[in-house]
Number of protein chains: 2
Amino acid sequence: MSDKPQTLKGFRDFLPAQKAARDYVTKKLQTTFERFGFAPLETPTLEYASLLLGKYGTEADKLVYTFQDRGEREIGLRYDQTVPTARVLVQYQAELPKFFRRYQLQNVFRADKPQKGRYREFRQCDCDIFGSTSPLADAEILAVYYFAFAELGLTQLRIEFNDRQTLMAMASPFATPEVTTASIIQSIDKLDKNTPAEVTAELTAKGLSAEAAAAVLAEVEKAEMSDNLKQIEHFARQLGVPAESLVFNPKIARGLDYYTGLIFEGRLPEYGAGSLGGGGRYDHLIEQLSGVSIPAVGFGIGFDRTVEAATELGLIPNLLSTTQVLVTVFDDQPASLDSSLQVAHQLRAAGITTEVYPAVDKLGKQFKVADQKHIPFVVIIGEAERGAQQVKVKKLATGEEQLLSFDALLTYLRT
Amino acid sequence: MSDKPQTLKGFRDFLPAQKAARDYVTKKLQTTFERFGFAPLETPTLEYASLLLGKYGTEADKLVYTFQDRGEREIGLRYDQTVPTARVLVQYQAELPKFFRRYQLQNVFRADKPQKGRYREFRQCDCDIFGSTSPLADAEILAVYYFAFAELGLTQLRIEFNDRQTLMAMASPFATPEVTTASIIQSIDKLDKNTPAEVTAELTAKGLSAEAAAAVLAEVEKAEMSDNLKQIEHFARQLGVPAESLVFNPKIARGLDYYTGLIFEGRLPEYGAGSLGGGGRYDHLIEQLSGVSIPAVGFGIGFDRTVEAATELGLIPNLLSTTQVLVTVFDDQPASLDSSLQVAHQLRAAGITTEVYPAVDKLGKQFKVADQKHIPFVVIIGEAERGAQQVKVKKLATGEEQLLSFDALLTYLRT
């Protein structure tokens, strides 16, 4: 190890408090996904590079970590969860059920320039329904997306949604050989962050006439929900998504070209840092990736931002320590050591998270370690306590001490 | 994607039933580790290659996945969890508490020859206590190891343990310039699988005299527990480990040279496939890896074998589907669709895992999909049911149908 051990730039260690917060969020997401019938899937970290490259364009290809292994195979690290899932859909076609719903929570790797909030290894969290073109599936996706955040307490989530077909219909009449429909839509996508004047300027810079640029923006301004969106919204409400969380926004375009219908993004008014991820319907992508035609609708949640939002809004319980009790060691006498170990065993058997102090030290020093570890209670069993078949418990925050029977200790710790 | 999409040799997809079984085992292990005060840690998948290489000898170095990234840095994939943890212990020395206990459950990568039960990406599951030389820490480690398996129902676990110091004391008098103490211990380690004659032959082939080889084996035969082991065993029993699960075995040596005291391995009499992992005390390794002297005791559980053992012994519940109910869609009438969605929402709000059939199909086809997905119940809401404010529930295994109010449905599904 070098003198100054370090992590690679763009990569992170998660020390216990952070890791526990991430595990807490993971568990809430998993619980919701499973409540909606989504099944877990895991794919390998490494794949053939040929599977990963050429799927999302040349810019994305530069971000895929690829290398040659000792067998001279060209391999690459997971770049997203959609491409491996497309492989799974084809490879296990006979085993997977109709209307397969899967969730996937794994790390992906991007050889991107690290910057604030952007990492080279980060967690993705995807849910998708495969095989259905029905707006019922779109609504199920909106509902599981909403309730995943609601389960975390982020009930104020606004799902801004739009229809890619509407955008196409609005933009295509203005497309020219120089300015494609997709390019016009990419400019519309910026209306949320930029002023109409800025977007008009961008469109004319691309080659649109001033009149056409103005007309496009006017179309967007007066756009209404498509019948498809009306039905999806209605279904999502029946599934319990509050009306105020479903916000039609004709300016939402989502960057990726592959969407074919519903598109959506989640935002929290209380949290400034932008979209918490989103998704939509992509009925042709799986065919493009795998050669097998399977319609799909789904989303990816920005895991890091979700953890950050839930933390900032005080929705993650105190996880500095999951340990409730440190059982101290009174002295080096066999009876003292045995009592401490036996009490620790009984506490654990009763479901109380417990550590034994693994040394013989002055009690004050043991209290300090409990404090440093953010353990709220210490238990002391000296000769007097042992004789009386009692234990002493001390609440470190207040210094308050109590002499209790073991049963009373359990009651005390549980309340 | 190539015509035959495939995973790399030695890598695995985990489809829902397998992934759910692994998640089930993971959760049981985590619960136990946290009950014993172990805190979760996560380190990056990629590290500087210089951190990973030269740590476990030249043979191991060949198994580390290394490559050059676009920034021409030599990087490598996580090979184990001990080396990154040693880095963490030094890098965050000021932040980590005294007697730090951590668990880590991440995948590691070995460019090994794939064979039955050996993979290139697999999950490791480690627990360690850092900073204590006390046998109390050794006993805590044996106890959390035992209870991790017990939580899964693998209560018949036998922990075979030994003391590396005893082995050293037995072997060193027979060591020669050609046959080191470590080499003699490596031969002793084979006494569990090979006959004494075979091990004697190996020792003489290495260069020991026939008398010396016989004397070594005689020493092993009559070896007794060290005082250190006696104390650890006594403490582990106070912590609730059954006496019959603690088996002194003077032939256990553990392959790795770095152990300095207690060494142990777990086995299940009902499960033939060998050790479920093990560990021991390694008071000098962290210093060798990181330059900072920190005594340590811990273990690594063989995650794949543990899943396999628990599955074989029928200890993992049926996880073919976590979904309890498929709410069918009676027809394409708005009232039918709304009812199905509303009932699905109510079921989910009551904690019942529920899918909505995402299409309008004949009921028989919907039942077939439920069956294919291993969902035990289907709910049907036709016009008659809607009029009577009831729902029909059908148990697919028996064909039994009931007409129930929503509240009665909840009671029925919960029992």
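What rotation superposes chain B on chain A? A rotation of 180° does so, with 0.0 Å of shift along its axis and an RMSD of 0.0 Å. This is the relation of a two-fold axis. Here the copies are superposed by least squares on the C-alpha atoms of residues with pLDDT of at least 70 in both. In general, two copies of a chain are related by a rotation about an axis and a shift along it.

The model is predicted: local features need pLDDT of at least 70, side-chain atom pairs count only at pLDDT 80 or more, and totals for chains, interfaces and linings use all residues. Residues are numbered from 1 along each chain as its sequence is written, chains are lettered from A and ligands numbered from 1 in the order in which they are written, and side-chain values use heavy atoms, with hydrogens and water left out.

Of the residues of chain B, Phe67(B) comes closest to the rotation axis, with its C-alpha at 3.1 Å. The interface follows the pairing of the copies. Because 100% of the interface residues of chain B are also interface residues in chain A, the copies meet through the same surface.

Each chain holds an open sheet. In chain A, three strands form this sheet in the order 2-4-3, and the pairing is antiparallel. Strands (E, at least two residues) and helices (H or I, at least four) are DSSP runs, numbered from the N terminus. Two strands pair if DSSP finds at least two bridges between them. The edge strands of chain A are strand 2 (46-48) and strand 3 (66-68), each pairing on one side only. Neighbouring strands of this sheet are turned by 40° against each other on average, direction ignored. For such angles, axes are lines fitted to C-alpha atoms, for helices over the stretch in contact, and angles run from 0 to 180 degrees between N-to-C directions. Three bridges join strand 3 of chain A to strand 4 (residues 74-77) in the antiparallel sense. Across this pair, Gln68(A) stands opposite Glu74(A).

In chain B, three strands also form an open antiparallel sheet in the order 2-4-3. There, Gln68(B) stands opposite Glu74(B) in strand 4. The loop between strand 3 and strand 4 of chain B contains Glu72(B). Glu72(B) is not a glycine, yet has a positive phi of about 60°. Its relative accessible area is 61%, so Glu72(B) is exposed. Buried means under 20% relative accessible area, exposed over 50%, and partly exposed in between (1.4 Å probe, protein chains only). A positive phi of about 60° also occurs at His374(B), again not a glycine. His374(B) lies in the loop between helix 14 (363-372) and strand 14 (377-380) of chain B. At 42% relative accessibility, His374(B) counts as partly exposed.

Ser340(A) sits in helix 13 (residues 334-349) of chain A. At 1% relative accessibility, Ser340(A) is buried. A polar atom of its side chain lies 2.7 Å from the backbone oxygen of Thr328(A). Leaving aside residues up to four places away in sequence, Ser340(A) touches Val327(A), Thr328(A), Val329(A) and Ile381(A). Contact means heavy atoms within 4.5 Å.

A search of the whole structure finds zero disulfides (pairs of cysteine sulfur atoms within 2.5 Å) over all chains. Cys127(A) is in no disulfide, and the nearest cysteine sulfur, that of Cys125(A), is 6.2 Å away. Cys127(A) is buried, at 0% relative accessibility.

Note on methods
A polar contact is a pair of N or O atoms within 3.5 Å; within protein, one must be able to donate a hydrogen and the other to accept it, and residues adjacent in sequence count only if both atoms are side-chain atoms.
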